[in-house]
Amino acid sequence: MSVTITADPIATEAEIAAVSSGRTEAGAMVSFTGMVRNDPECLLDSLEIEHYPGMTTTAIEDIEKTAHERWPLIDSRIVHRYGILRPGETIVIVVTLSAHRRASFEAAEFIMDYLKTRAPFWKKEHTATGSNWVASRTDDSRAEMRWSSPVAD
Amino acid sequence: MIKVLYFAWVRERIGIPVEEIETCARTVGELIGELAGREERYRLVFADPSSLRVAVDQRIGDLDTPIADASEIAIFPPMTGG
């Protein structure tokens, strides 16, 4: 179980390989990669990600701990970037490892849904015509709420 | 004295990222009310508290969260991480 908050580019392939390395008891690994999307209509130059140092690490560690309590995970890794990112660059990776696939799939999705609403980051888009703070999405609030009902075994 | 941090457009509109505040406010809501009464820039930012989120000692809180024993409060827009 580990969380890293960093301004450095994320070495996605190396991070994923490190999670499963030597864990022959695992039969399933799921990885999610979140990237900076360039909406063709807004011509994004860069995405600035601000965060609350201290709280970001503890908030994401809490989310990860909750995932381990709800699903039988062997291990997990979460890396989230802050600073100035360009279109196509990786913002976040979530990797989950378990004996069977269901736990890894569901836990990865749960972690991302919670991360969207409970991790203290704020995004600002810089385009040729100006800069604006990205608004939170109703879809993300709804996605987080659906995990409140009991998970069937 | 309590440390108050601002993030994103809250920080931009108030003009500073952090300040130390002397206050007798007992909850986050009371503190925001006090700050809104200070100057126009605070009043404008805090005009719609439902547009804001808060953390007390780095834990998500709300307007009713008590602050008597807190050392740090943060006020910010809804998070957009991930």
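## Contacts of B:F46

Contact here means heavy atoms within 4.5 Å. The model is predicted. Which residues does B:F46 contact, leaving aside its neighbours within four places in sequence? They are B:Y6, B:I14, B:I32, B:L35, B:A36, B:L52 and B:I75.

## The largest nonpolar core

B:F46 also stands out in the largest nonpolar core, which has 34 residues. Together with B:Y6, B:I67 and B:I75, B:F46 touches the most other members. Several elements of chain B each supply at least two residues of this core. The strands are strand 1 (2–6), strand 3 (53–56) and strand 5 (72–76). The helices are helix 1 (8–14), helix 2 (28–36) and helix 3 (40–45). Helix 2 of chain B gives the largest share, five residues.

In soluble globular proteins, nonpolar side chains tend to be buried together.

## A helix pair in chain A

Two packed helices are described by the angle between their axes and the distance between the axes. In chain A, helix 2 (residues 55–70) and helix 3 (residues 101–118) have axes that come within 10 Å. The axes cross at roughly 150 degrees. Angles over 145 degrees count as roughly antiparallel, so helix 2 of chain A is roughly antiparallel to helix 3 of chain A. The crossing is right-handed.

Helix 2 of chain A makes the contact through A:A59, A:I60, A:I63, A:T66, A:A67 and A:R70. Helix 3 of chain A contributes A:F110, A:I111, A:Y114, A:L115 and A:R118. By type, the residues of this contact are eight nonpolar, one polar and two charged.

## B:E40

B:E40 lies in helix 3 of chain B. How exposed is B:E40? Its relative accessible area is 46%, so B:E40 is partly exposed. B:E40 and B:I14 are 26 residues apart in sequence. In space they are 9.4 Å apart, C-alpha to C-alpha.

## Positive phi in a chain B loop

Most residues other than glycine have a negative phi. Which residue of the loop between strand 3 and strand 4 (59–61) of chain B is taken here to begin with? B:D57, which is placed in that loop. The phi of B:D57 is near 50 degrees, a positive value in a residue other than glycine. B:D57 is partly exposed, with a relative accessible area of 35%.

B:Q58 is found in the loop between strand 3 and strand 4 of chain B too. B:Q58 is not a glycine, yet has a positive phi of about 65 degrees. At 23% relative accessibility, B:Q58 counts as partly exposed.

Technical notes
Residues numbered from 1 in each chain as written. Chains lettered and ligands numbered in written order. Predicted model: local features only at pLDDT ≥ 70, side-chain atom pairs only at ≥ 80, totals over all residues. Heavy atoms only, no water. Core = buried A, V, L, I, M, F, W, Y, C linked by side-chain atoms within 4.5 Å. Buried < 20%, exposed > 50% of the residue type's maximum accessible area, 1.4 Å probe, protein only. Helix = DSSP H or I, 4+ residues; strand = E, 2+ residues; numbered from the N terminus. Axes fitted to C-alpha atoms, helices over the stretch in contact; angles between N-to-C directions. Parallel < 35°, antiparallel > 145°, perpendicular 65-115°, else oblique. Left-handed = near helix turned anticlockwise from the far one by under 90°. Nonpolar A, V, L, I, M, F, W, Y, C, P; charged D, E, K, R; others polar.
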